[in-house]
Amino acid sequence: MPTILITGASSGLGAEMARQFAALGYDLALCARRTDRLDSLAADITAAHPAVRVSVKALDVNDHDAVFSVFEEFRAELGSLEKVVVNAGLGKGQPLGTGRFDANLETAQTNFIGALAQTEAAAAIFRAQGAGQLVMVSSFAALRGMPGNITTYAATKAAVAHLAEGFRADVHGTPIKVTVLYPGYIVSEMSGTSAKTPLLSSTEKGVRAMVEAIEKEKPRARVPTWPWGPLGFVVKHVPTSVLRRMS
């Protein structure tokens, strides 16, 4: 069976990805800080799909040494890692200059430096294997500098998208593939989006679009395609005054 490692798998998009990939027959390597939730998720998946191997490990992606050791432990346990999904992240943040550097710093460290550690660890494994797929979960917010509480968040998501694109250039022409996902509004614990948010997708629907893009090894995908594909063009070109009103 193919194997997939998903970080930040204890809830939200990560947990739903685990369920959907298990249904496709993947063996799972799941990690997050909250192991009680991981254990519960693993039990549910094993009950539904007895043939699927599920390995869980505690991981704080800000513990960079642990990122490398946990990824290697998963590879040794499962034999190989065909796909690694860099999903763990934070959504907190405050407008710049309002005295909340602490919140913005935490977001920057987790979403970029933590993602860098994950990417380095995955890339080393893929290079050793000679194959693999790196999946970077960016955000629709990465398409443009965003105002308000998500300024830093959007900047980190743009940074990780560029990180993945750079790795793609490094491994172009090899069996190592890179997919960058730009999710729109999808219900999740981290997003905190309200049911009244326009264009909101359910977790199941949004993640299904993500899984399809990963399975097809798309270089990049705005998910779900409708309406986030055409909206991406709009957001990248509207005047700043309009962007401010949209946020």
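1. **Ground rules.** This is a predicted model, in which local features need pLDDT of at least 70, side-chain atom pairs count only at pLDDT 80 or more, and totals for chains, interfaces and linings use all residues. Residues are numbered from 1 along each chain as its sequence is written, and side-chain values use heavy atoms, with hydrogens and water left out.

2. **Overall build.** The protein chain has eight helices and seven strands. Helices (H or I, at least four residues) and strands (E, at least two) are DSSP runs, numbered from the N terminus. The radius of gyration is 17 Å, close to the 18 Å that the globule rule gives for 247 residues, so the chain is as compact as a globular protein of that length. For reference, that radius is taken over C-alpha atoms, and the globule rule is 2.2 Å times the number of residues to the power 0.38. Along the principal axes, the C-alpha trace spans about 50 × 35 × 35 Å.

3. Of the 247 residues, 48% count as buried. Buried means under 20% relative accessible area, exposed over 50%, and partly exposed in between (1.4 Å probe, protein chains only). As for contacts (heavy atoms within 4.5 Å), take those with a separation of 6 or more: residues 24 or more positions apart account for 68% of them.

4. **Helix α1.** This helix covers residues 12-23 and reaches 17 Å from its first C-alpha to its last, close to the 16 Å expected at 1.5 Å a residue. The expected span is 1.5 Å times one less than the number of residues. Nine of the 12 residues of α1 are buried, so the helix is largely enclosed by the rest of the structure. Among those buried are Leu-13, Met-17, Gln-20 and Phe-21, and Glu-16 is on the list as well. What covers them includes the strands β1 (3-7), β2 (27-32) and β4 (83-86), along with the helices α2 (35-48) and α6 (203-215). Just after α1, Gly-25 takes a positive phi of about 95 degrees.

5. **Helix α6.** With 13 residues, α6 reaches 18 Å from its first C-alpha to its last, close to the 18 Å expected. Its buried residues include Thr-203, Val-207, Met-210 and Ile-214. The buried residues of α6 pack against α1, β4, β5 (132-137), β6 (176-183) and β7 (220-223).

6. **Glu-217, worth a look.** What sort of phi does Glu-217 have? It is near 55 degrees, a positive value in a residue other than glycine. Glu-217 sits in the loop between α6 and β7, and at 38% relative accessibility it counts as partly exposed.

7. **The α3/α4 crossing.** The axes of α3 (residues 64-78) and α4 (residues 101-129) come within 9 Å and cross at roughly 35 degrees. Here axes are lines fitted to C-alpha atoms, for helices over the stretch in contact, and angles run from 0 to 180 degrees between N-to-C directions. The crossing is right-handed, that is, the near helix is turned clockwise from the far one by less than a right angle. Contact residues include Val-67, Phe-68 and Phe-71 of α3, and Ile-113, Ala-117 and Ile-125 of α4. The residues of this contact divide into eight nonpolar, four polar and three charged. In that count, Ala, Val, Leu, Ile, Met, Phe, Trp, Tyr, Cys and Pro are nonpolar, Asp, Glu, Lys and Arg are charged, and the others, Gly among them, are polar.

8. Thr-119 lies in helix α4 and counts as buried at 6% relative accessibility. Leaving aside neighbours within four places in sequence, Thr-119 is in contact with Val-86, Leu-134, Met-136 and Leu-163.

9. **The cis proline.** The peptide bond from Val-223 to Pro-224 is cis, with omega near -15 degrees. Pro-224 is placed in the loop between β7 and α7 (225-237). Is Pro-224 buried or exposed? Pro-224 is buried, with a relative accessible area of 5%. Not counting residues up to four places away in sequence, Pro-224 touches Ile-186, Ser-201, Gly-206, Ala-209 and Gly-229.
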